[in-house]
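Grab a pencil and work through these exercises with the structure open beside you. Each task comes with a solution that goes step by step.

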Amino acid sequence: MSTTPESTRDSTPSTLRSLGSGGVAGLGAALFGYLVTYLLTSSTIENSTASQVLEALGSDISTWKVVGWVFMSAHGVTTTFPGLFGTTSSTNLIEGIEAFSPVLYVVPVVALLAAGALATVVSGASSSRAGALAGAGTTVGYLVFALAGIALFSVSLGESAISPDPVTSALLAGVAYPAVLGTVGGLAAAALR
């Protein structure tokens, strides 16, 4: 099939619509996933011994920030904590804290599959290629959330900080998860159309 200038021009708005709907769906998936994580973990966080100790010491660590660490952990992202003598340690909170259910790992998976499918439907994509493109577009919105989360979920403790690891937040949560899962969701929706 040859590409004429007319067909290239006609496909550009379609591509932009697919990427745009994917980006919005990706941001929606991140916000939805965070909200579900908040609903499932906030009371556990607020009632934890660690939270009570930090509160007694005067530390201002908000529950919504800790939920952000847990949500990022659901993507395989570790949270870095300051240690003694300037050292740092990293942990995945879902793996490291028994109170958090491994079911939390499913939250971003389901949200991104649904976002990829939704982006495909909204963009009107009917071919596998168009569905994959719309689904992959979720990376745009999800990456914005992941990058914002690095700053928003950071907590200063003197000269140190507790925060999601910036590299894995950007690459794993922001790019790999939505690129793969959004694309799969988009392909599935296109195949069903």
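**Exercise 1. Find the residues with the most contacts inside the largest nonpolar core, and the elements that build this core.**

Solution. Keep in mind that you're looking at a predicted model.
- Step 1: The largest nonpolar core holds 32 residues, and W69, V70, F71, M72 and F100 have the most contacts inside it.
- Step 2: Two or more residues each come from α1 (5-46), α3 (63-73), α4 (93-96), α5 (106-123), α7 (138-152) and α8.
- Step 3: α3 gives the largest share of this core, with six residues.
- Step 4: Now pick F100 and skip its neighbours within four places in sequence; its contacts are then T41, T44, I45, V70, L93 and I94.

**Exercise 2. Describe how α7 packs against α8.**

Solution. Two packed helices are described by the angle between their axes and the distance between those axes.
- Step 1: For α7 and α8, the angle is about 160° and the axes are 8 Å apart.
- Step 2: Angles over 145 degrees count as roughly antiparallel, and α7 and α8 are therefore roughly antiparallel to each other.
- Step 3: Their crossing is right-handed.
- Step 4: On the α7 side, the residues that meet α8 include Y142, L143, A146 and L147, while A170, A173, G174 and P178 are among their partners in α8.

**Exercise 3. Do it again for α5 and α8.**

Solution. 
- Step 1: Here the angle is about 50°, and the axes lie 7 Å apart.
- Step 2: α5 and α8 are therefore oblique to each other.
- Step 3: The crossing of α5 and α8 is right-handed.
- Step 4: Residues of α5 at this meeting include L112, L113, G116 and A117, and those of α8 include P178, L181, G182 and G185.

**Exercise 4. Zoom in on T183: which residues does it touch, and what lies 2.5 Å from a polar atom of its side chain?**

Solution. 
- Step 1: Locate T183 in helix α8, which covers residues 166-192.
- Step 2: Leave out residues up to four places away in sequence, and T183 touches A132, G135, A136 and P178.
- Step 3: A polar atom of the T183 side chain lies 2.5 Å from the backbone oxygen of A179.

How values were computed: Residues are numbered from 1 along each chain as its sequence is written. This is a predicted model: local features need pLDDT of at least 70, side-chain atom pairs count only at pLDDT 80 or more; totals for chains, interfaces and linings use all residues. Side-chain values use heavy atoms; hydrogens and water are left out. Helices (H or I, at least four residues) and strands (E, at least two) are DSSP runs, numbered from the N terminus. A polar contact is a pair of N or O atoms within 3.5 Å; within protein, one must be able to donate a hydrogen and the other to accept it, and residues adjacent in sequence count only if both atoms are side-chain atoms. Contact means heavy atoms within 4.5 Å. A nonpolar core is a set of buried Ala, Val, Leu, Ile, Met, Phe, Trp, Tyr and Cys residues joined through side-chain atoms within 4.5 Å. Buried means under 20% relative accessible area, exposed over 50%, partly exposed in between (1.4 Å probe, protein chains only). Axes are lines fitted to C-alpha atoms, for helices over the stretch in contact, and angles run from 0 to 180 degrees between N-to-C directions. Angles under 35 degrees count as roughly parallel, over 145 as roughly antiparallel, 65 to 115 as roughly perpendicular and the rest as oblique. A crossing is left-handed if the near helix is turned anticlockwise from the far one by less than a right angle, and right-handed if clockwise.
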